[in-house]
Amino acid sequence: MKKVSLLIGPINQLVTAKSMPWRYGNDPLILENAGVAVDGEKILDVGPWDKISKEYQGKCSIPAEDNLVTAGLVDPHTHLLFAGSREDELELKLQGVPYEEILRRGGGIYRTVNTTVSASDSELKKTLLNRLFEVTKYGTTTIEVKSGYGIHPSQEIRLLRIINDASLGAPLDVVPTFLVHVPPRDMDRNEYIKAIVASLDQIKGLAKFVDVFCDEGAFSVAETREILRESSLRGFGLRLHADEIAYIGCSDLAREFDLSSIDHLLNLPERNVDLLSSRNTVATLLPITVLSLMTNKRPPIRRLRETGVPIALGSDFSPNSWSLNMQYVMELATYLLGMTPIEVLMASTVNAAYSLGFRDRGIVQPGYLADLVIWDVPNYRWLSYELGRNKALVVVKRGRILESTPMGTTISKECEY
Ligand SMILES: [Zn+2]
């Protein structure tokens with residue numbers, strides 16, 4: 001018998017994609033009475049428990065006969081780093097006060113920019129780390145974190161440094177993205193775009209992706225094109241906030257650039273769906289934002305499926321959209337967007353990982369990272385079905401059980417190595 005660091009089984013149900021990205025209609029792998037052998041950071045073997053239990057002995061063993069096991073969740077779209085909050089704008093939103101008016105009264109995004117710029121580095125790092133620990137309680141094992149509340153290049157560089165610094169102490173993998181969020185109020189727009197482009201060389205090494213908020217009230221198609229082109233030349237991966245508030249041509253940019261992900265898409269014209277499928281761009285949908293915008297608009301799910309566009313889900317955590325819980329995102333994706341339970345699971349694991357450029361996680365197969373969740377539910381449908389309870393029981397990151405997760409502290413000592 002081969003000794004391994006962690007053995008999970010017997011597992012009631014194990015569900016994973018077979019390959020990445022996952023497209024609607026692809027068969028997932030569903031194993032009943034399964035086992036997973038983990039050695040170090042990686043998955044060594046997956047199969048029927050009969051076979052796995054004969055071949056491997058775990059230094060640490062976790063039975064999961066009543067449980068579902070999946071890959072760890074991946075949140076590919078967050079604005080996790082900011083100071084302050086905006087709960088007092090909720091009544092204004094409910095009264096139907098337009099966002100432009102909230103901005104005029106000193107609220108909205110520029111308010112968060114002020115509180116963030118005024119906060120100290122250590123304060124921001126502490127806030128970010130608290131959030132990074134909290135997300136793992138819900139099963140998130142890899143997360144993207146955008147800058148964007150600094151606006152001025154020097155402040156954005158500061159925020160990216162804080163993200164990189166915090167990630168060293170974080171219990172999960174953090175992917176930093178430089179987000180060109182909103183135009184500053186105290187600077188000419190053309191000058192600002194030039195300053196952003198000039199700062200890209202300094203940002204190299206601090207961010208994996210560049211993202212632009214292309215929309216009405218944010219950056220125009222021409223401005224976004226300029227930033228994407230310069231970023232692409234410098235080897236950054238590209239993401240895009242597009243067609244959220246209105247369609248002004250932003251998703252057309254998927255024709256010109258290899259976007260890893262295009263996000264929001266509440267106003268995506270149907271003709272641009274084919275464009276995404278031909279470019280292999282992931283459509284990242286953000287159902288919590290559908291709630292926080294209080295809109296009846298929905299992304300064109302049916303068309304995205306029909307054309308085989310890989311769909312990912314993200315939290316869009318921000319002062320305007322406050323939830324660190326990817327399970328809540330998954331529940332809303334089902335009940336608000338009409339996504340099926342298997343589609344939701346694939347969108348929150350394999351496809352989210354794929355959109356962040358990872359090819360080593362999001363799948364429970366030999367050779368992949370041992371990022372896993374043991375769920376307090378018997379099968380994958382429950383993840384969509386049951387609302388409002390934290391269903392993660394044990395979260396495993398790179399083969400290690402995270403103590404911050406619900407059952408983490410009660411797992412036996414042998415499980416620490
Ligand atoms: Zn966003």
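How many bridges join strand β6 to β7, and in which sense do the two strands run? Bear in mind throughout that this is a predicted model. Select residues 140–146, which are strand β6, and you will find five bridges to β7, with the two strands running parallel. Within this pairing, Lys146 stands opposite Thr177 of β7.

Now extend the selection to β7 itself, residues 173–180, and then to strand β8, residues 209–214. β7 and β8 also pair in the parallel sense, here over four bridges, and Val180 stands opposite Val212 in β8.

Next, the helices. Two packed helices are described by the angle between their axes and the distance between the axes. Select α5, residues 121–137, together with α6, residues 153–168; these pack at an angle of about 50°, with their axes 9 Å apart, which makes α5 oblique to α6. Their crossing is right-handed. To see the contact, show the side chains of Asp121, Leu124, Lys125, Leu128, Leu129 and Leu132 from α5, and those of Ile162, Ile163, Asp165 and Ala166 from α6. By class, this contact of α5 with α6 has seven nonpolar and three charged residues, with no polar ones.

The crossing of α12 and α13 is right-handed. Here Met326, Val329, Met330, Ala333 and Thr334 in α12 meet Pro341, Val344, Ala347 and Ser348 in α13. The contact of α12 with α13 has seven nonpolar, two polar and no charged residues.

Move on to the open sheet, in which seven strands follow the order β3-β2-β1-β4-β13-β14-β15 with mixed pairing. Its edge strands are β3, at 42–48, and β15, at 400–401, each of which pairs on one side only. Further in, select β13, residues 372–375, and β14, residues 392–397, which run antiparallel and are joined by four bridges; Val373 has Val395 of β14 as its bridge partner.

The last stops are details of the backbone. Select Gly9 and Pro10, where the peptide bond is cis with omega near -5°; Pro10 belongs to strand β1, residues 2–16. Another cis peptide bond joins Met20 and Pro21, with omega about -5°, and Pro21 lies in the loop between β1 and β2.

Which phi value does Asp316 have, although it is not a glycine? Its phi is positive, about 60°, and Asp316 lies in the loop between β12 and α12. Asp316 is buried, with 27 other C-beta atoms within 10 Å. Finish at Arg398, in the loop between β14 and β15, where phi is near 50°, a positive value in a residue other than glycine. With 18 C-beta neighbours inside 10 Å, Arg398 counts as partly exposed.

Key: Residues numbered from 1 in each chain as written. Predicted model: local features only at pLDDT ≥ 70, side-chain atom pairs only at ≥ 80, totals over all residues. Axes fitted to C-alpha atoms, helices over the stretch in contact; angles between N-to-C directions. Parallel < 35°, antiparallel > 145°, perpendicular 65-115°, else oblique. Left-handed = near helix turned anticlockwise from the far one by under 90°. Contact = placed C-beta atoms within 7 Å. Nonpolar A, V, L, I, M, F, W, Y, C, P; charged D, E, K, R; others polar. Pairing = 2+ DSSP bridges. Buried ≥ 20, exposed ≤ 12 C-beta atoms within 10 Å, placed from the backbone.
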